[in-house]
Amino acid sequence: MRSLSTLPKAELHLHIEGTLEPELILELATRNHITLPYATLAQLRAQYEFTDLQSFLNLYYENMAVLVTEDDFADMTRAYLTRAREAGVRHAEIMFDPQAHLARGVSLATSVNGIAGALASSESDFGISTVLIAAFLRDESQDSALSVLADLLEMKAPIIGIGLDSAEVGNPPSKFVKLFENARAAGLRLVAHAGEEGPPSYVWDTLDLLGAERIDHGIRSVEDSLLVKRLAREQVPLTVCPLSNVRLRAVDSLAAHPLPQMLASGLNVCLNSDDPAYFGGYAEQNFEVVATEFAFDTDTLERLAANSITSSFATVERKAQLL
Ligand code: ADE
Ligand code: ZN
């Protein structure tokens with residue numbers, strides 16, 4: 001088999017703000033005259049110990065302060081594409097958090113144009129086809145999300161779909177029914193985080209109330225055998241992020257990760273890096289750690305990579321090229 005970094009793969013669960021490496025954070029802080037609470041690389045790196053999702057989100061939102069101009073967003077995006085190419089990523093579906101930038105006084109045009117500008121030439125510059133997904137913060141109100149979605153549509157932002165992320169527990173899918181209705185009516189594709197820290201009922205509701213086409217994470221689905229049967233029958237794609245789950249303590253250890261059980265149950269799972277700058281690895285490292293931990297054979301690893309391509313929103317022609 002080709003090495004895991006040359007296995008052609010798609011990355012379907014990736015927060016572009018989660019690709020900001022500590023070096024780039026400090027470089028952008030200097031460039032924009034922003035004072036972070038951490039003056040040195042060592043001080044910043046010392047913050048990367050997480051106890052749960054919220055402890056990570058606090059740092060993730062804090063570090064976004066260095067993103068000010070379109071160029072900052074474009075530089076971050078190109079840095080990711082450079083690294084993703086090395087990981088064998090040939091297609092990437094990239095989420096960004098427009099509300100987190102608006103809250104800091106950074107306009108929609110700045111984040112959208114910066115990221116989308118870099119993505120426009122991703123295929124010619126990096127050999128990676130890309131699409132952009134606007135993710136909405138579930139710990140904000142639905143009214144806020146509705147207003148940002150309306151603005152994105154009004155400005156004809158080049159987004160293929162919407163997602164739902166941030167603090168899951170206490171912010172159930174039922175809070176965002178209208179948002180997903182409006183996005184569907186606008187012809188957008190629908191994905192949402194569910195079952196990362198939240199219970200299996202959030203996965204059911206993400207399918208039934210929001211009509212999501214893909215579930216980001218979904219690992220807690222294994223606690224509900226009826227849900228597993230449904231996910232298997234409908235082949236709902238689950239974008240699993242092993243290193244993220246370990247670092248955010250959604251699982252006790254990599255050995256305790258439900259990935260083997262998910263595969264054995266016939267679920268449509270693929271591997272993703274979520275916020276690679278924070279969790280210790282890009283796409284190929286997520287493949288490597290599970291290959292080693294679970295002694296996966298070539299067929300299994302190739303199946304995981306093929307699932308990522310078939311579950312993507314790439315065109316039929318692009319999928320055929322990559323399979
Ligand atoms: N935002 C960035 N990474 C996230 C994650 N793993 N879960 C929820 N929201 C996120
Ligand atoms: Zn995520």
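This is a predicted model: local features need pLDDT of at least 70, side-chain atom pairs count only at pLDDT 80 or more; totals for chains, interfaces and linings use all residues.
Local features in it need pLDDT of at least 70 and side-chain atom pairs count only at pLDDT 80 or more, while totals for chains, interfaces and linings use all residues. Residues are numbered from 1 along each chain as its sequence is written, with chains lettered from A and ligands numbered from 1 in the order in which they are written.

Student: Which radius of gyration does the chain have?
Tutor: The radius is taken over C-alpha atoms, and the globule rule is 2.2 Å times the number of residues to the power 0.38. A compact globule of 323 residues would come near 20 Å, and the chain agrees with this at 18 Å.

Student: Where does UniProt place the feature "binding site"?
Tutor: UniProt positions are given in the numbering used here, feature names are shortened, and annotations may be inferred rather than shown by experiment. The unreviewed entry places this feature at His13, His15, His193 and Asp274. Although they span 262 residues in sequence, no two of their C-alpha atoms are more than 11.7 Å apart, so they gather at one spot.

Student: Is His13 buried or exposed?
Tutor: A residue is buried if 20 or more other C-beta atoms, placed from the backbone, lie within 10 Å of its own, exposed if 12 or fewer, and partly exposed in between. Because His13 has 29 C-beta neighbours inside 10 Å, His13 counts as buried.

Student: What is His15 in contact with, leaving aside its neighbours within four places in sequence?
Tutor: Two residues are in contact if their C-beta atoms, placed from the backbone, lie within 7 Å. With those neighbours left aside, the contacts of His15 are Met95, Asp165, Asp274 and Asp275.
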